[in-house]
Amino acid sequence: MTRPPSHGADPSVLRRLNSAATLRVLRAGGEFTLSGLAERVGVSRPTAEGVLGELAARGLVAEVAPRHGAGLGRPARRYRFRAEAGHVLGFEIDAHRVRLLVADLAGDVAGGHRADLPPDAPPAERIAAVRAAVKTCLAAARVARRSLRAVAAGTPGVVDPSGTVASCTVVPGWAGVPLGRELARSFACPVLVENDANLAALAERWRGAARDADDVVCVHAGLHTGVGVLIGGRLHRGSGAAGEIGMLPELGLRDTAAALAAEPVGRVAARMARGVAAMALALDPETIVVGGPLVRPGGPLVAELAAHVGPLCLRPVRVEASPLGDESVSLGAVRLALDRVDEDLFSLDPAR
């Protein structure tokens, strides 16, 4: 609730506070009358009307067409958040492919694209292929590049705060590539780069198997198996390499894809269970979500892993298969990009 200004309060700060509060209500979804919105935000009707005018001028709010036939008299004016005012792009780059999703500001997917990548392609060739895939994706979705408010990319390996891949054993030549800087050359909006398992964890918390859980271990099973961690509903990055327990061969999370091609699933799951249980014992999560390219709907890997993890833990822990299929990383990238957009939308800094 917005409180009445105290003596000497800066009117510009109060306007920004009211604007952010109004936008949050509208952003959450639904349509509001002027009076209903003023009541929800806790401001006067004239103040709400002024804020709506400012937000409409920024292209973020639209008046909804009146509903005729709903009763006598003139229908009340209603307002909504314009999710179509911008878009975000999220994608995953791994050794074999790039998978892209473009969404509006409400997170509704407007289109997607997948392109295969040569596994031995050098970094420059791989990035060029990604740029071509971005162009194809935006064209197919009929989204102009200038409409993008933020872009996020997921990749295997440890990613430092600057967007450089600090280390990577999956994609040839990828370690040391300043991926954030390279991708930023193609966009006029903020570009973020994050570890793929971390993004998969964000996706599970947003629209996957972890929507009702705050403390989550997300196992992303691919060429190697990575782990993303949510603590208190927030992604835990540590200093940038949290969850990279697959680096220890003793924990059974390396060369996962090769092992599943050569050994029975139960034996591979028993080996993987050491690393997964180590994370569970350290963090005591509510849920362990297992996803990634190696998890197939109805496949045995998740059930086998659950059977082997359970006896290694001190208390029962829920182990669930991800419902997101091969979109988990790119969907998590969409969520990360939307979070970056929200920083601008709700900022009290007049320069943003």
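In which sense do β2 and strand β3 pair, and over how many bridges?

Tutor: Please bear in mind that this is a predicted model. Strand β3, residues 78-81, pairs with β2 in the antiparallel sense, and the pairing runs over four bridges. Within this pairing, glutamate 63 stands opposite tyrosine 79 of β3. The two strands belong to an open sheet of three strands, arranged in the order β1-β3-β2 with antiparallel pairing. Because β1 (32-33) and β2 (61-64) each have a single partner strand, they stand at the edges, and one side of each is left without a neighbour in the sheet. Helix α1, residues 11-27, packs on this sheet and touches β1, β2 and β3, while its direction makes about 85 degrees with that of β3.

For a view of another helix, one can turn to α8, which covers residues 265-283. Its 19 residues, at 1.5 Å a residue, should span 27 Å, and this agrees with the 26 Å that separates its end C-alpha atoms. After α8 comes aspartate 284, which has a positive phi near 50 degrees.

Conventions. Residues are numbered from 1 along each chain as its sequence is written. This is a predicted model: local features need pLDDT of at least 70, side-chain atom pairs count only at pLDDT 80 or more; totals for chains, interfaces and linings use all residues. Side-chain values use heavy atoms; hydrogens and water are left out. The expected span of a helix is 1.5 Å times one less than its number of residues. Two strands pair if DSSP finds at least two bridges between them. Contact means heavy atoms within 4.5 Å. Axes are lines fitted to C-alpha atoms, for helices over the stretch in contact, and angles run from 0 to 180 degrees between N-to-C directions.
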